[in-house]
Amino acid sequence: MDHDLVVDYLRRLGVEAPVRPDIDTLRDLHRRHLKAVPFENLSIHLGEPIVLDEKLLVDKIVRRRRGGFCYELNGAFGTLLSALGFPVTLLASGVFDDGHVRPPFDHLVLRVDLDRPWLVDVGFGQNARYPLRLDSTDDQPDPDGVFRVVPVEDGSGDLDLLCDDEPLYRIETRPRRLIDFEPFCWYHQTSPDSPFTGKLVCSRPTPTGRITLSDHELTRTENDERTEQTLTDDEALAAYRELFGIELDRLPSAGSGGS
């Protein structure tokens with residue numbers, strides 16, 4: 001990333017350059033990224049191919065002012081952090097589904113090594129708002145729950161991330177490259193078994209909860225109170241624009257993803 005693009009990315013997050021590569025900056029960027037850049041799978045339902053190229057991922061978030069899912073969000077954020085001087089490693093993980101863990105490369109997370117190793121993840125939807133310590137099994141309170149990182153008892157060195165004692169995903173500790181995630185990225189764009197091809201989602205946290213648009217259903221959770229609203233086409237386009245900062249000339253079609 002050149003200097004101008006780094007500055008534009010930081011402005012997208014509401015930050016003015018320069019910044020220091022320390023834990024306070026990492027915490028602030030993590031929180032701001034979750035707030036400013038929505039978790040969304042609209043490209044799959046708009047017929048837009050998702051290519052795991054750092055320049056294209058950053059362009060989508062910065063120039064096109066869109067969001068994305070894990071490979072896009074953590075891929076772009078990792079590129080920004082590296083450009084800012086943070087030591088970043090890509091790690092593969094498998095999401096827990098109905099008590100079973102899915103294969104590695106199902107999810108992409110980041111390890112950032114500062115005074116200690118930190119788990120950074122701005123691409124999982126509802127997750128910790130701040131980086132989590134990877135070298136501690138202690139409870140780590142966060143606005144979105146109490147998190148713990150627990151070694152898997154099989155000698156593999158893998159780590160399980162839990163939120164309020166519920167397992168979220170299993171992290172491999174072997175370093176990976178962005179290209180390693182391409183097969184699963186393609187799977188999630190095309191397979192009818194992918195959770196992303198059959199359902200539209202656009203979501204971001206708010207100071208006291210979360211707001212999510214799924215097709216025409218707008219859900220707001222504020223202080224544990226949930227409200228739902230069914231939108232017209234025009235209202236849905238306005239919601240993407242006003243609530244998520246996404247300008248669309250047409251609505252994505254739920255269920256149009258997949259081959």
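How many helices and how many strands does the protein have?

**Figure 1. Overall view of the predicted model.** The model shown here and in the views that follow is predicted. The protein has seven helices and 14 strands. Its radius of gyration is 18 Å, close to the 18 Å that the globule rule gives for 259 residues, so the protein is as compact as a globular protein of that length. Taken along the principal axes, the C-alpha atoms fill a box of roughly 50 × 45 × 40 Å, and buried residues make up 51% of the 259 residues. Among contacts with a separation of 6 or more, 55% come from residues 24 or more positions apart. The accessible surface amounts to about 12600 Å², and carbon and sulfur atoms account for 47% of that surface.

**Figure 2. Strand β12 and its two hairpins.** Five of the six residues of β12 are buried, so this strand is largely enclosed by the rest of the structure. On one side, five bridges join β12 to the antiparallel strand β11, and the two strands form a hairpin with two residues between them; within this pairing, Ser 203 stands opposite Thr 212 in β12. β12 is also joined by six bridges to β13, which runs antiparallel to it, and here Ile 211 stands opposite Arg 220 in β13. The hairpin of β12 and β13 likewise has two residues between the strands, and in it Asp 215 takes a positive phi near 60°. In a regular strand the side chains alternate between the two faces of the sheet.

**Figure 3. The crossing of helices α4 and α5.** The axes of helix α4 (residues 54–62) and helix α5 (residues 70–83) come within 9 Å of each other and cross at roughly 100°. That angle makes α4 roughly perpendicular to α5. On the α4 side, the residues that meet α5 are Glu 54, Leu 57, Val 58, Lys 60 and Ile 61, while α5 contributes Tyr 71, Glu 72, Leu 73, Gly 75, Ala 76 and Thr 79.

Figure 4. In helix α6 (residues 182–190), the buried residues are Phe 184, Cys 185, His 188, Gln 189 and Thr 190, and what covers them includes α3 (42–46) and α5. His 188, which has its place in this helix, counts as buried at 1% relative accessibility, where the cut-off for buried is under 20%. Leaving aside neighbours within four places in sequence, His 188 is in contact with Ile 44, Phe 69, Tyr 71 and Arg 102, and also with Asp 106, Ser 194, Pro 195, Phe 196 and Thr 197.

Figure 5. Asp 98, found in the loop between β2 (88–97) and β3 (100–101), has phi near 55°, a positive value in a residue other than glycine. At 72% relative accessibility, Asp 98 counts as exposed. Asn 223 has its place in the loop between β13 and β14, and the phi of Asn 223 is near 50°, again a positive value in a residue other than glycine. With a relative accessibility of 56%, Asn 223 counts as exposed.

Definitions and conventions: Residues numbered from 1 in each chain as written. Predicted model: local features only at pLDDT ≥ 70, side-chain atom pairs only at ≥ 80, totals over all residues. Heavy atoms only, no water. Helix = DSSP H or I, 4+ residues; strand = E, 2+ residues; numbered from the N terminus. Rg over C-alpha atoms; globule rule 2.2 N^0.38 Å. Buried < 20%, exposed > 50% of the residue type's maximum accessible area, 1.4 Å probe, protein only. Contact = heavy atoms within 4.5 Å. Areas by Shrake-Rupley, 256 points an atom, 1.4 Å probe, with all protein chains shown as cover. Axes fitted to C-alpha atoms, helices over the stretch in contact; angles between N-to-C directions. Parallel < 35°, antiparallel > 145°, perpendicular 65-115°, else oblique. Pairing = 2+ DSSP bridges.
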